[in-house]
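Dear colleague,

Please find below the structure that I am handing over to you, followed by an account of what was found in it.

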Amino acid sequence: MMKIAEFISALGKYDFLQSAMLTAIMVGVMSGIIGSFIILRGMSLMGDAISHSILPGVAVAYMLGINLLVGASIFGVLAALLIGFVSTHSKIKVDTSIGVVFSSFYALGFILISMTESSTNLHHILFGNILAVSNSDMMTTSVVLGIVILFVTIGYKELLITSFDETFAKTYGLKTQVIHYSLMLVLTLVTVSALQTVGIILVVAMLITPAATAFFWTNRLSVMLVFSAVFGTIASIVGLYLSYTFNWASGPAIVVVAAILFLFSFIFSPKQGLIRLKK
């Protein structure tokens with residue numbers, strides 16, 4: 001309890017901690033929202049691929065001195081297009097093309113980062129450092145959060161239909177490919193904005209785990225979006241507390257909290273929980 005009181009006191013004193021808290025909350029909300037569509041569409045592996053494929057974009061952005069969002073978004077969308085192109089124009093299955101593309105991009109990213117003379121610590125790129133979040137990082141995150149909310153609000157019906165029945169969506173006249181790649185673009189933006197918070201390696205956990213946790217508690221997409229945003233926010237706030245108090249890496253701390261929430265839901269959720277199933 002004493003450490004919690006100290007954390008709250010520090011939160012009121014230090015601007016960097018306030019910025020970290022706001023950024024953590026925003027990342028938790030948008031990761032939960034987009035993650036819900038990712039798991040419902042069976043695209044968890046694609047989310048992992050996008051998160052790893054942006055690494056060379058990050059390196060190129062540092063080398064050119066441009067915003068991370070630009071470089072990472074280009075490579076994220078390029079990876080999604082390449083995966084689709086390879087799987088469509090060959091007998092190779094989607095999971096195989098995902099593995100080839102994202103591992104190649106990831107390796108290229110490491111090579112490019114080793115060539116840069118950036119002062120940015122590679123450890124922070126991979127695992128995050130929310131306590132070092134800057135005003136520009138916070139601004140970028142707030143813009144991406146706005147894009148996520150706008151995207152889901154405007155395209156909710158289309159996302160709902162294509163997530164549950166793509167065949168019906170095509171007969172209904174929806175442009176499923178446009179919706180798919182639009183979601184990939186937004187996923188890339190969320191991944192980039194979560195870079196400072198949880199890092200490239202663990203960002204997929206924030207996209208999947210809160211949404212999977214929410215899935216245990218409801219069968220309605222609208223409720224799932226709210227629950228996943230709440231679970232993502234709780235994981236981010238508690239993870240920030242653990243990171244600040246015990247000097248843990250922010251990314252692993254946040255992801256561990258998210259995993260604990262998932263485990264609790266897996267066991268105790270009233271409709272799908274393990275205990276409930278045994279009864």
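Is the crossing of H4 and H6 left-handed or right-handed? The crossing of H4 and H6 is left-handed, a crossing being left-handed if the near helix is turned anticlockwise from the far one by less than a right angle, and right-handed if clockwise.

Please note that this is a predicted model, in which local features need pLDDT of at least 70 and side-chain atom pairs count only at pLDDT 80 or more, whereas totals for chains, interfaces and linings use all residues. Residues are numbered from 1 along each chain as its sequence is written, and side-chain values use heavy atoms, with hydrogens and water left out.

Helices H4 and H6

The axes of helix H4 (residues 55–64) and helix H6 (residues 94–115) come within 7 Å and cross at roughly 25°. H4 is therefore roughly parallel to H6 (angles under 35 degrees count as roughly parallel, over 145 as roughly antiparallel, 65 to 115 as roughly perpendicular and the rest as oblique). Axes here are lines fitted to C-alpha atoms, for helices over the stretch in contact, and angles run from 0 to 180 degrees between N-to-C directions. Helices are DSSP runs (H or I, at least four residues), numbered from the N terminus.

On the H4 side the contact is made by Leu55, Pro56, Ala59, Val60 and Met63, and on the H6 side by Phe105, Tyr106, Leu108, Gly109, Phe110, Leu112 and Ile113; contact means heavy atoms within 4.5 Å. By class, the contact of H4 with H6 has eleven nonpolar, one polar and no charged residues (Ala, Val, Leu, Ile, Met, Phe, Trp, Tyr, Cys and Pro count as nonpolar, Asp, Glu, Lys and Arg as charged, and the others, Gly among them, as polar).

Helices H3 and H11

Helix H3 (residues 44–53) packs with helix H11 (residues 176–193) at an angle of about 55°, their axes being 9 Å apart. H3 is therefore oblique to H11, and the crossing of H3 and H11 is right-handed. Met46, Gly47, Ile50 and Ser51 in H3 meet Met184, Leu187, Thr188 and Thr191 in H11. By class, the contact of H3 with H11 has four nonpolar, four polar and no charged residues.

H3 is mostly covered, with eight of its ten residues buried (under 20% relative accessible area; exposed is over 50%, and partly exposed in between, with a 1.4 Å probe and protein chains only). The buried residues of H3 pack against H4, helix H5 (68–88), H6, H11 and helix H12 (195–215).

Individual residues

Threonine 188 lies in helix H11 and, at 0% relative accessibility, counts as buried. Leaving aside its neighbours within four places in sequence, threonine 188 is in contact with Ile50, Ile54, Ala72, Ser73, Gly76 and Val77.

Threonine 141 belongs to helix H8 (residues 135–154) and is buried, with a relative accessible area of 1%. Its contacts, leaving aside neighbours within four places in sequence, are Thr23, Met26, Val27, Met30 and Ser193. A polar atom of the side chain of threonine 141 lies 2.8 Å from the backbone oxygen of aspartate 137.

Asparagine 247 is found in the loop between helix H13 (221–246) and helix H14 (250–268). Asparagine 247 is exposed, with a relative accessible area of 70%, and has a positive phi of about 60° although it is not a glycine.

With kind regards

Definitions and conventions:
Helix = DSSP H or I, 4+ residues; strand = E, 2+ residues; numbered from the N terminus. Polar contact = N/O pair within 3.5 Å; in protein donor to acceptor, adjacent residues only side chain to side chain.
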